[in-house]
Amino acid sequence: MTLIVNQDAFVAAQVVDLIAKERALALSKREWKHRIAGYGYSIRETAEGEIIETLPHHVPVCALPPELAA
């Protein structure tokens, strides 16, 4: 299965920046996922790796950078 992700690099960069800032503020991965859900995003595990997607429609935005996956 091939993932089709949003090819708009500007939007993806803004979303990754938001996700990274929230990761720095969160005390745990669970809290981080809860925080980003408040902004309308989620992290989903796929065969190709983790991706950032929108809520509630689960539209893929981009791949989760490896430095945030840990």
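A residue is called buried when its relative accessible area is under 20%, exposed when the value is over 50%, and partly exposed in between, using a 1.4 Å probe and protein chains only. The model on display is predicted, so local features need pLDDT of at least 70 and side-chain atom pairs count only at pLDDT 80 or more, whereas totals for chains, interfaces and linings use all residues. Residues are numbered from 1 along each chain as its sequence is written, and side-chain values use heavy atoms, with hydrogens and water left out.

**First stop: His34**

Select His34, which belongs to helix H2 (residues 29-37). Helices (H or I, at least four residues) and strands (E, at least two) are DSSP runs, numbered from the N terminus. Is His34 buried or exposed? His34 is exposed, because its relative accessible area is 63%.

Now display the strands. Two strands pair if DSSP finds at least two bridges between them. Strands of a sheet pair through backbone hydrogen bonds, in either a parallel or an antiparallel manner. Here, 3 strands make an open sheet in the order E1-E2-E3, with antiparallel pairing. E1 and E3 stand at the edges with a single partner strand each, so one side of each has no neighbour in the sheet. From one strand to the next, the twist averages 30°.

Select residues 41-46, which are strand E1; 6 bridges join E1 to E2. Tyr41 has Thr54 in E2 as its bridge partner, and Ser42 has Glu53 in E2. The two strands form a hairpin with 2 residues between them.

Continue to strand E3 (residues 60-63), joined to E2 by 3 bridges. In E3, Pro60 stands opposite Glu53. E2 and E3 also form a hairpin, with 5 residues between them, and His58 in the turn has a positive phi of about 60°.

Select Glu50 in strand E2 (residues 49-54). Glu50 is buried, because its relative accessible area is 15%. Contact means heavy atoms within 4.5 Å. Leaving aside neighbours within four places in sequence, the contacts of Glu50 include Lys29, Arg44 and Leu64.

**Last stop: helix H2 on the strands**

Return to H2, which lies across E1 and E2 and runs at about 125° to E1. Axes are lines fitted to C-alpha atoms, for helices over the stretch in contact, and angles run from 0 to 180 degrees between N-to-C directions.
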